[in-house]
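Please look at the sequence and the structure shown here, and keep both in view while reading the report that follows.

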Amino acid sequence: MSCYLNQYCLLFSGSATPGADALDLLFIYYLIAAAFVFFSVVGFITYILLRYRNRDEEGEPPQVHGSTKVEVSLTLLAAALVGLFFYLTVSTMIKTNKPVNGQTPDLVITGHQWWWEAQYVNTGAITANEIHVPVGKRILLRFKSADVIHSWWVPDFGQKMDVIPGKTNHLWLQVEKPGLYLGACSEFCGAQHAWMRIRVIAQSPDKFQRWEQHQAKAVAASIAGNSITDMGRKLFNQKTCGNCHTIRGTKNVGKIGPDLTHLASRKTLLTGMVKNTPQNLHRWIHDPQRIKEGAHMPRFILEKKQVDALVSYLETLK
Ligand code: CUA
């Protein structure tokens, strides 16, 4: 079921998954029931006001107390509504939250202040912020937090999932149509909570497989680069970048910041904050706090030439 008003509609999710459809349907049932209750109450009050208003100033009308018949029927009606919606809610929950019985997840997503890490369990591919998934396949996502509470929400997929330190949560995901789906962290998690966006790229299984296999590869031991690229590689090793970042295939294996093995293959930087261009990468390395205040990336005192070299090296990480 898609949004009935327009593509930016807030009432309904985008029906990108069967779970989102089930949730939309449940929402419509609730909307109908709420409208029924609202109009019954307002209608009844209006009727009473008109029917029993004091027309001829006759003084106090006869007072009536209690009516077993009315009270019993209202209680039964309310109980029937509650019962019906209990059934509808539980059956939707069963449909959208299939139990997880120790299955290995396809994808482990870790929330960090303020970015998302995605680990593809079958191939060992690791990426950040731009999460690719195959279309038409039901995959299991596992959520972990590296620090505080975050919440994963891509409105088109319907369900939200909290990401809680010390606890793992799961979500089944089956995206039906290829495309880019946008989401955001939905639990306040600090200064840059607003810039903890999610980009999910749903691709045909073939394309996805090619992407995943490429992302799983380590960088070639020594890429034939020009001298500035080589200088960047040396700087990266010298400047302790590897204490926080991993570039698979090199001695840099830090786990604090995003895996940079295929950084240049991503479209955006800083969880969708800016486009992944050499200029933006330069601005970021030059002074991270100026772009994303509070981010855990420290400012290194580097000459412009050195930043150029680092950017040149990072740009080779396709
Ligand atoms: Cu992470 Cu808000």
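## Terms and basis of the model

A residue is called buried when its relative accessible area is under 20%, exposed when it is over 50%, and partly exposed in between, using a 1.4 Å probe and protein chains only. By this scale Thr 240 is partly exposed, with a relative accessible area of 40%.

The model is predicted, so local features need pLDDT of at least 70 and side-chain atom pairs count only at pLDDT 80 or more, while totals for chains, interfaces and linings use all residues. Residues are numbered from 1 along each chain as its sequence is written, and side-chain values use heavy atoms, with hydrogens and water left out.

Helices (H or I, at least four residues) and strands (E, at least two) are DSSP runs, numbered from the N terminus. Helix α1 has 34 residues and spans 49 Å from its first C-alpha to its last, which is close to the 50 Å expected at 1.5 Å a residue, where the expected span is 1.5 Å times one less than the number of residues. The buried residues of α1 are Ala 20, Ala 22, Asp 24, Leu 26, Ile 28 and Ala 33, and they pack against α2, contact meaning heavy atoms within 4.5 Å.

Two packed helices are described by the angle between their axes and the distance between the axes. Here the axes are lines fitted to C-alpha atoms, for helices over the stretch in contact, and angles run from 0 to 180 degrees between N-to-C directions. The axes of α1 (residues 18–51) and α2 (residues 68–96) come within 9 Å and cross at roughly 170 degrees, and α1 and α2 are therefore roughly antiparallel to each other; angles under 35 degrees count as roughly parallel, over 145 as roughly antiparallel, 65 to 115 as roughly perpendicular and the rest as oblique. By class, the contact of α1 with α2 has 10 nonpolar, 4 polar and 1 charged residues, where Ala, Val, Leu, Ile, Met, Phe, Trp, Tyr, Cys and Pro count as nonpolar, Asp, Glu, Lys and Arg as charged, and the others, Gly among them, as polar.

## Helices α4 and α7

Helix α4 (residues 227–238) and helix α7 (residues 304–314) pack with their axes 7 Å apart and at an angle of about 95 degrees, and they are therefore roughly perpendicular to each other. The contact of α4 with α7 has 8 nonpolar, 4 polar and 3 charged residues.

## Helix α3 and its two faces

Helix α3 (residues 205–216) has 12 residues, and its buried residues are Phe 208, Trp 211, Glu 212 and Gln 215. Seen down the axis of α3, these buried residues fall within an arc of 95 degrees, so they line one face of the helix; the arc is that of the directions from the helix axis to the C-beta atoms. They pack against the strands β2, β3, β4 and β10, whereas the face turned away from the buried side carries the exposed residues Asp 206 and Arg 210.

## Backbone details in the loops

The peptide bond from Gln 113 to Trp 114 is cis, with omega near -5 degrees, and Trp 114 lies in the loop between β1 and β2.

Thr 240, in the loop between α4 and β11, has a positive phi of about 60 degrees although it is not a glycine. Leu 270, in the loop between β11 and β12, also has a positive phi, near 55 degrees, and at 14% relative accessibility Leu 270 counts as buried.
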